[in-house]
Every structure is written in C-alpha cells, then in structure tokens.
Amino acid sequence: MLEFNIAYDKIVLFFVFFATITGYNFVKYFGIAKFHHRRLANWLKLIQIFSFFCFLLLCYFALKLKETTLLYIAGFGAITFLYAIPFLPKRFFLDKHHNLRSIGGLKIYLIALVWSGVTVFIPAINDELSITTDIILTGIQRYVFIMVLMLPFEIRDLQYDSLKLSTIPQKIGVRQTKIMGVLLLILFWCLEFFKDEIYTEGMMPLTLISIITLLFLVFSKIKQSAYYSAFWVEGLPVLWLIILLLNH
C-alpha cells in the first residue's frame, strides 16, 4: 500500500490480519487437534476458540471485499486449506498425512506463493490497480524474500525433519543453502532497479532489511536458540514495516 500509494483500506488490512491468524493456526494445529475435541489440552482449546472468533471476523471483512478480490482470495485460501488437509491418494505422498505439506520440497514454495499473493496482489486488485510490471516485480521480490526467511527455519529443522521432506538444506547442505540465500537476497535487492518507478522512500528500508536478513541467514545453524528463528527471523517483516513507516 505504501509503495503503490494505495489509500488506507481497513477492510483489506483487517481481512489479511484475521486471515493470517486463522490460516496459521489451522495449518499448525489441525494435525494435532483434528476432531478429538474432548481430549484436547486446555491451551489448545483456547487457541481453537481464539481462532474461531478470528475466523468469524475474517468472514465479516471478506463480505465487504470486492467480488474480484474474493476470487483471488479463494485460490490462496484453497492452497492454505489443502496444505493441511489430506485430499489425494497415498501414492502421491511421502508420509501418512497426504496433504500438500508432505510433498517433498514443496513447503517453502507454497508459503512464499501465498504470502506474496496476499500481501502484494490482493491490495492492488482490491484497489482496481492494473497489474503492471512494477507490481509483478514487487510480487517476485516478496516471493524471494519469504523463501530466504524460510531458510533459517529449514536449517534449524534439519535435526527434526524426515529426509523424505527433501528440504533445501537436506538436498544441498547448510553451506550451499546459505550461499543460495545470499544470492536470492542480492536478486531481491537488485530487482528494485528494474522497475519503471523506483520507490525512493523504500530504498533505505529495503537495503537495511536485506543486510539484517543476510546476517540472520549467515549466522543461522542447526543448534539455534529457541527464539532465533521463531521470534527474531519471524519478526523481520514487522521490522521492515516499522522501518518503512519511520522513513515514510
């Protein structure tokens, strides 16, 4: 919205906010909870209740969005749903879950796709902007950035993940994963200069977040502190937004 001068739209922002909470908790806890409601721990029941109210608010704000926007949202919602729900025959999958998440090597690309689609294209489509080259390049930048953000998590999870998941560190090793991440960050930064109109107020934040993300990637390791990826790396998009707002 800041980059393309889209007017503040609380409907889109609140929708994305509550959809994020609903989608994240659904993907994270569906495999644990499933339909065994009576045997759930109290903390998980509270998360379910909280997620249910977020879902109601998500529906409320969705009804206020434009029909075209809802069609695109339905696509990203379907990917999120199928990410956690078993839906195809066993022969397509690597384990008993039979969902998109369990297809080897697919996880990081799906997350980046949904994230870039929801945070770049949905606000533009709802504001009836033409999908220009600049918007497409911003979408690619966001996709690449999310891929890099996922790498410290995948490095950390080497000690837990089944080899069948075929994550990037499992395929090419930690060192090569970091090199790939650095190259992707360079691409992320350089793509800004291919745009017809460079977002000048965003260049300093873009450069700063690229450097900070690079440092977190380079210093990531299998044995991380509990909060290295789960808080600090996870919080980098929020930091980017704060820097943008301060510089705007």
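Is Phe188 buried or exposed? In this predicted model, Phe188 is buried, with a relative accessible area of 1%. The residue sits in helix 7, which spans residues 174–190.

Phe188 pairs with the ring of Trp240. The two ring centres are 5.7 Å apart. Their planes meet at 85°, so the pair is edge-to-face; the cut-off for that class is over 60 degrees. Trp240 belongs to helix 10 (residues 236–247), so the pair ties together parts that are 52 residues apart in sequence. Trp240 is also buried, at 12% relative accessible area.

Phe188 is touched by Ser210 as well. Ser210 lies in helix 8, residues 200–218. Its relative accessible area is 8%, so Ser210 counts as buried. Setting aside residues up to four places away in sequence, Ser210 contacts Leu185, Phe188 and Trp189. The side chain of Ser210 also places a polar atom 2.7 Å from the backbone oxygen of Leu206.

The structure holds 12 aromatic pairs. One of them joins Phe52 and Phe53, with ring centres 5.8 Å apart. The planes of these two rings stand at 65°, so this pair too is edge-to-face. Phe52 is partly exposed, with 46% relative accessibility; Phe188, by contrast, is buried. Ring pairs also build a cluster, made up of Phe14, Phe17, Phe18, Tyr60 and Phe61.

Definitions and conventions: Residues are numbered from 1 along each chain as its sequence is written. This is a predicted model: local features need pLDDT of at least 70, side-chain atom pairs count only at pLDDT 80 or more; totals for chains, interfaces and linings use all residues. Side-chain values use heavy atoms; hydrogens and water are left out. Helices (H or I, at least four residues) and strands (E, at least two) are DSSP runs, numbered from the N terminus. Buried means under 20% relative accessible area, exposed over 50%, partly exposed in between (1.4 Å probe, protein chains only). A polar contact is a pair of N or O atoms within 3.5 Å; within protein, one must be able to donate a hydrogen and the other to accept it, and residues adjacent in sequence count only if both atoms are side-chain atoms. Contact means heavy atoms within 4.5 Å. Rings of Phe, Tyr and Trp (its six-membered ring) pair if their centres lie within 6.5 Å; planes under 30 degrees apart count as stacked, over 60 as edge-to-face and the rest as tilted.
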